Amino acid sequence: MHHVILGAGPAGVIAAETIRKHAPADTITLVGDEAEPPYSRMAIPYLLIGNVKETGTYLRKSLTHYTDLRIDQVPGRATTVDTQARTVTLDNGKTLAFDKLLIATGSHPVRPPIPGMDSPGVHPCWTLEDARAIMALAKPGARVLQMGAGFIGCIIMEALAARGVELSVVEMGDRMVPRMMGPTAGGMIRDWCEKKGVKVFTGTKVEAIEVATNEPSGIVGKLASAMGLGSSEPAKGLRVKLSGGQTVEADLVISATGVRPAIGFLKDSGITCLVGVLTDEHLQTNVPGIYAAGDCAEAFDKVSGKTIVSAIQPNAAEQARVAALNMVGQKADLKGVTQINVLDTLGLISTSFGNWEGVAGGEHAELTDKAGGRHLSLQFKDDVMVGCNSVGWTEHVGVMRGLVEGQVKLGEWKERLMHDPTKLMDAYLASAQGQGQWAGAADERRR
Ligand SMILES: Cc1cc2nc3c(=O)[nH]c(=O)nc-3n(C[C@H](O)[C@H](O)[C@H](O)COP(=O)(O)OP(=O)(O)OC[C@H]3O[C@@H](n4cnc5c(N)ncnc54)[C@H](O)[C@@H]3O)c2cc1C
């Protein structure tokens with residue numbers, strides 16, 4: 001049995017290891033299109049801060065890990081999949097035949113169609129190669145403008161701030177982290193960042209990026225330049241034009257404007273794709289024997305009954321594990337696609353769980369203490385908490401997750417929470433006990 005895995009990120013690596021564990025005699029080929037050993041993008045912020053070296057981002061530390069497990073690493077980018085012939089073609093002309101195929105190609109950053117995006121000094125922050133370019137420019141005191149203040153954008157911001165740069169953030173949405181936080185929470189995060197010295201522009205688009213040359217100005221400057229005095233190389237920088245009419249000077253522009261599943265090569269393959277590669281609860285696509293996992297997959301979430309692309313690493317890891325078990329003939333189901341985001345924005349902790357925006361016909365309870373930097377927003381459908389947001393509220397993270405993921409029926413506690421959202425722990429202990437949701441509460445009480 002030959003298993004071919006496309007993509008050597010966390011999903012690809014975990015799938016390869018799981019297959020090896022359960023099918024010692026099978027052949028495993030792991031195809032990767034990046035020059036480095038498999039690494040974790042999640043570790044890039046730690047590299048930017050200087051907490052780890054590049055080797056610290058590698059998913060597995062032993063140089064012989066993959067050969068020890070008889071996982072053949074093949075460099076190349078998949079360009080087509082032939083589901084009839086059951087082959088994959090790579091950009092280097094190689095063709096690989098497979099019995100089982102896993103698509104684990106992750107996502108790639110969206111490149112906004114802005115004039116000047118190709119200018120030197122404009123980078124996404126997605127790969128180790130990007131991180132190297134960013135580190136070369138983000139020196140203490142450098143002027144850095146970041147486009148996008150979503151989940152990943154805020155993580156990058158934290159790392160940039162630690163590098164001592166002068167930071168501006170431009171977000172098209174009306175608030176920071178708009179796809180994770182409601183207006184009050186987003187506003188609190190913005191106020192916090194501004195207090196920390198970050199210039200935040202929300203409801204603002206970058207309209208153009210121009211390369212600036214500091215030509216000598218004024219008659220004295222021009223004369224000095226003509227006489228060969230001063231630097232012969234005019235200092236360069238970037239001039240970023242914003243929709244509000246402002247211009248921001250920058251040495252580095254980072255584009256963090258969202259990601260899309262890297263599945264363009266599946267066009268015309270017959271594998272059904274929506275936003276991501278559509279999979280069932282076994283992570284199998286519409287083509288038997290072909291699976292998808294991780295950022296590129298649109299996975300079936302039993303909890304909500306919907307398919308979801310959820311570009312976070314815990315989901316990539318779990319989907320890879322479930323897909324791999326099914327690939328070796330062990331039936332396994334994906335229980336759910338965790339919709340959790342816990343964010344540390346320059347020291348301010350915020351969370352979002354499940355349907356944090358609420359659902360049709362639902363009810364909503366909110367508590368805000370702006371001065372104390374605390375906010376809780378709970379969303380209910382009948383007596384179940386279907387989602388929530390919090391800012392500065394770290395003590396009940398396990399309970400929030402338990403209530404939302406466990407779809408715990410709160411009974412009378414729902415009304416009590418509507419009046420006092422802080423009673424989350426009491427509600428959890430009273431309601432979850434009889435519904436097999438004990439573990440999270442017990443963990444929380446131990447903390
Ligand atoms: C800066 C940053 C911080 C992050 N922080 C967090 C965090 O705190 N928490 C969290 O949960 N998540 C975080 N993430 C997201 C997390 O990194 C992803 O969810 C995770 O990498 C998904 O793993 P994956 O294996 O599905 O995809 P990837 O890690 O993207 O791996 C896919 C691999 O496939 C390769 N590939 C693509 N197309 C092809 C092709 N056609 N042929 C062959 N190979 C191909 C890609 O180049 C890549 O090497 C962060 C991401 C970034 C960039």
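Predicted model: local features only at pLDDT ≥ 70, side-chain atom pairs only at ≥ 80, totals over all residues.

Let me begin with helix 1, which is largely enclosed by the rest of the structure because 10 of its 13 residues are buried, where buried means under 20% relative accessible area, exposed means over 50%, and partly exposed lies in between, with a 1.4 Å probe and protein chains only. Residues are numbered from 1 along each chain as its sequence is written, and side-chain values use heavy atoms, with hydrogens and water left out.

Helices here are DSSP runs of H or I with at least four residues, and strands are runs of E with at least two, numbered from the N terminus. Helix 1 covers residues 10-22 and reaches 18 Å from its first C-alpha to its last, close to the 18 Å expected, the expected span being 1.5 Å times one less than the number of residues. Its buried residues include P10, V13 and I19, and the buried residues pack against several elements, among them strand 1 (2-6), strand 2 (27-32) and helix 8 (313-327), with contact meaning heavy atoms within 4.5 Å.

Now to the ligand, which is surrounded by 29 residues, the closest being D33, E34, A78, D295 and Q313; a residue is counted as near if one of its heavy atoms lies within 4 Å. Helix 1, helix 5 (151-162) and helix 8 each supply at least two residues of this shell, and helix 8 gives the most, with 3 residues.

Which side chains have an N or O atom facing a ligand oxygen atom at 2.6 Å and at 3.0 Å? For E34 the distance is 2.6 Å, and for R41 it is 3.0 Å, both polar contacts in the sense of a pair of N or O atoms within 3.5 Å. Taken alone the ligand exposes 990 Å², and the protein buries 92% of that, by the Shrake-Rupley method with a 1.4 Å probe.

Finally, the backbone. Most residues other than glycine have a negative phi. R86, however, has a positive phi of about 55°, and sits in the loop between strand 4 (78-82) and strand 5 (87-90). D268 has a positive phi near 70° and lies in the loop between strand 17 (259-261) and strand 18 (277-278). At 73% relative accessibility, D268 counts as exposed, whereas R86, at 23%, counts as partly exposed.

How values were computed. Polar contact = N/O pair within 3.5 Å; in protein donor to acceptor, adjacent residues only side chain to side chain.
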